[in-house]
Amino acid sequence: MSEEFTSRLWRYDGTPGELIPLLQSAQDHFGYIPRRAISYISTVTGIAESEIYGVITFYNQFRLKPIGKFIIRVCNGTACHVSGANMLKETIQDELGIEENETTDDGLFTLNTVACLGCCSLAPVVMIGEETYGKQTPASIRKILREYRRREEKGSKKKSLR
Amino acid sequence: MKKAIVGMGTCGLSAGAQGTYDKLEEILSNNENSFELSITGCIGMCYMEPLVEVREGEDRVIYGKVTPSIAEKIFSEHILNGRILEENVVCRIDGNGEVTGPEADFLNLQSRIVLRNCGVINPEIIEEYEARGGYKGLRKALFEMKPDEIIEEVKNSGLRGRGGAGFPTGLKWSFAAKSNSEIKYVVCNADEGDPGAFMDRSVLEGDPHSVLEGMIICARAIGASHGYIYCRAEYPLAIKRLNISIEAAREKGYLGENILNSGFDFDISIKQGAGAFVCGEETALFASIEGRRGMPHIRPPFPAEKGLWQKPTNNNNVETYANIPWIISNGAEEYARYGTEKSRGTKVFSLAGKVKRSGLAEVEMGTTIRDLVFKIGGGIKGGREFKAVQMGGPSGGTIPSEISDTMVDFESIPATGAIMGSGGVIVLDDTSCMVEMARFFLEFTQKESCGKCTFCRIGTLRMLETLTRITKGEGEEGDLEKLELWGKRIKETSLCGLGQTAPNPVLTTLRYYRDEYEAHIKEKRCPAHSCIALVDFHIDPEKCTGCSICAKNCPVNAISGEPKKPYTIDNSVCVRCGKCITSCRFGAIYKV
């Protein structure tokens with residue numbers, strides 16, 4: 001188990017309101033919240049596992065399944081929506097053969113939509129990993145995804161395609 | 001020495017500001033002491049990002065769309081030789097604050113109180129905030145005013161909550177001040193969840209100290225000892241800059257024990273939200289800080305009596321707090337000079353959608369929507385027709401262009417059926433379908449409904465199903481009446497702001513665009529040519545290369561043609577799935 005997550009657990013002194021930060025640090029280190037992390041948190045804090053599960057499923061941020069190497073986040077804010085975000089999402093689904101919130105079999109991509117990335121002037125926007133791609137079209141996003149695949153197959157370390 | 005300042009807000013960074021900054025840093029390391037390099041937050045011109053300012057004394061030249069290669073030119077021409085690159089200049093600001101240049105209108109029509117430092121100072125350096133009068137308001141509040149005088153001053157300014165509801169801020173503070181308790185809290189709602197709204201993020205990224213100072217003054221006024229900023233986890237840069245600022249404020253003695261030797265103790269911690277729109281509702285926000293599911297509860301008791309951890313709590317949003325230091329330093333009278341009789345001061349709007357200049361604009365209350373869209377926003381993109389603005393996001397409504405002379409204030413906007421909201425303004429043109437807009441927002445609130453109140457949980461789902469049917473051309477006689485009835489019921493029976501406002505986008509579009517709904521239902525036609533199921537698909541022979549991908553992807557073989565020649569679509573066979581549009585690599589397929 002990762003050090004920061006465990007040290008946060010050890011430092012837990014019964015301060016109320018620590019559950020969400022604990023879950024956030026667990027997710028930071030595992031990429032998702034594994035079953036055993038829920039058990040650990042429950043043992044240390046005395047909060048029932050069922051209650052922890054209730055908190056996890058309430059918030060959009062938390063995931064109970066592992067994710068791919070690159071998270072694709074299609075912005076579905078209002079500005080992106082009126083500029084064709086849905087078409088982009090369908091293109092990505094078609095290109096990768098996955099639905100929303102699913103991960104490709106090779107573990108490379110996970111597809112999510114987000115409410116707003118806040119760069120409305122670049123609409124429609126897609127984020128892949130930490131990179132933001134603005135003013136996308138179905139054709140351009142397809143090209144970018146293929147480029148990611150190609151680089152991954154070649155083992156290139158360069159992430160950005162800008 | 002000249003100073004180059006790169007706009008490094010989230011919008012700048014997503015447009016490539018990091019690359020521009022790195023380039024300038026590299027140039028600087030090769031040419032030591034040739035200029036100073038700094039960063040700033042969002043100046044508001046998101047449509048021109050990345051922005052680089054060259055400042056010499058009081059003279060400021062702002063360049064737009066600065067790629068690394070333009071940055072090199074700025075260095076060799078402007079910084080070294082004093083030759084301004086006129087073709088890349090967005091605007092120039094001289095020592096008297098006069099703005100000239102091609103984009104000057106964008107800034108000239110604004111009145112900047114909340115955004116007074118955004119795009120001007122380096123938000124990570126507390127001294128730059130102090131140099132522009134920062135923490136003067138706090139000193140005044142601590143040493144020249146009694147707590148009830150602070151509250152009186154805020155009351156007199158006429159400031160109303162900028163989070164959406166517009167409750168008078170001074171009055172709110174007086175409730176919390178009256179509550180008798182050893183422990184009280186100050187909470188800042190920075191859980192900006194509306195899609196299309198980014199005002200609060202820009203303030204937190206561009207001028208975090210103004211929010212901290214506002215909170216400290218509030219704490220002094222109501223007698224609180226601890227504060228929380230509840231910030232979206234999706235705003236990592238805002239959280240980073242808040243942390244830097246809190247640390248710097250502690251070192252300077254503005255936060256912590258015995259602030260500036262006044263004997264007053266107050267500290268602030270940051271709580272990261274975990275992504276739930278309903279947490280914008282204060283009682284749900286408190287539940288979330290306490291580590292529970294963010295579900296609202298019945299009021300009373302009001303937060304001023306029993307809020308966070310059951311203690312008296314004052315909760316305002318980011319923009320409200322950012323106004324406070326200005327009001328205390330400059331006086332209530334000065335503030336009340338801005339705005340209208342009942343809505344004093346300014347409001348920050350995030351302008352986006354089909355508008356030429358999208359970005360952040362702070363205008364005096366009472367400015368008309370038309371001026372916001374045309375004078376500041378520069379009109380509609382691509383020369384299309386202005387149809388409407390959507391204000392207040394999923395809780396708000398649509399205001400058609402015919403009544404765009406409506407003023408933005410807390411009386412006029414609600415009269416149209418929309419709400420002021422937190423300040424997201426999305427401009428719509430004639431290609432935007434109003435039924436689809438309403439469906440889009442309802443889909444959002446439906447997903448975000450916490451499920452506590454039956455009408456909000458199930459009613460919004462029934463409304464969403466009905467709207468989805470209508471956009472697919474499966475609407476029926478009587479649907480509109482049902483939508484209106486359900487909308488009314490949801491508003492009446494929901495506990496919190498989410499449910500009470502969720503039907504607004506539907507009810508306002510029904511009010512102004514009933515004919516569009518009827519065209520979908522009766523004629524199975526989408527007047528804006530937007531709803532995929534109700535339009536015809538065509539292939540532009542100029543763009544089509546005859547690659548045949550669309551034909552291969554078509555599930556019903558509606559597309560035919562010979563390789564390397566333009567293909568055609570048989571609309572009598574087509575099932576309007578849209579697969580051809582998403583598969584075409586040349587953008588050759590369009591809807592009519």
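Predicted model: local features only at pLDDT ≥ 70, side-chain atom pairs only at ≥ 80, totals over all residues.
Leaving aside its neighbours within four places in sequence, B:Lys591 is in contact with B:His529, B:Ser530, B:Ile532, B:Val535, B:Asp536, B:Phe537 and B:Ile581. As a reference point elsewhere in the chain, B:Ala104 stands 487 residues away from B:Lys591 in sequence, and the C-alpha atoms of the two are separated by 38 Å.

## Where chain B meets chain A

The size of an interface is often given as the accessible area lost when the parts come together. For chain B and chain A this buried area is about 3,500 Å², and carbon and sulfur atoms give 58% of it. Between the two chains there are 13 residue pairs in polar contact, counting pairs with both residues at pLDDT 80 or more, while the number of salt bridges between them is zero.

Several elements of chain B supply at least two residues each to the side that touches chain A, among them helix 1 (10-14), strand 9 (267-272), helix 12 (282-289) and helix 24 (579-583). Helix 17 of chain B gives the largest share of that side, with eight residues. Sorted by class, the side of chain B that touches chain A has 27 nonpolar residues, 13 polar residues and 14 charged residues. In the contact as a whole, 54 residues come from chain B and 40 residues from chain A.

## The build of chain A

Chain A contains seven helices and four strands, and from the N terminus on these elements follow the order α-α-α-α-β-α-α-β-β-β-α. Taken along the principal axes, the C-alpha atoms of chain A fill a box of roughly 50 × 35 × 25 Å.

Of the 162 residues in chain A, 50% are buried, and the chain exposes about 7,900 Å², of which carbon and sulfur atoms supply 47%. Among the contacts in chain A between residues at least 6 apart in sequence, 58% join residues that are at least 24 apart.

Technical notes:
Residues numbered from 1 in each chain as written. Chains lettered and ligands numbered in written order. Heavy atoms only, no water. Contact = heavy atoms within 4.5 Å. Buried area = accessible area lost by both parts, 1.4 Å probe. Salt bridge = Lys/Arg side-chain N within 4 Å of Asp/Glu carboxyl O. Polar contact = N/O pair within 3.5 Å; in protein donor to acceptor, adjacent residues only side chain to side chain. Nonpolar A, V, L, I, M, F, W, Y, C, P; charged D, E, K, R; others polar. Buried < 20%, exposed > 50% of the residue type's maximum accessible area, 1.4 Å probe, protein only. Areas by Shrake-Rupley, 256 points an atom, 1.4 Å probe, with all protein chains shown as cover.
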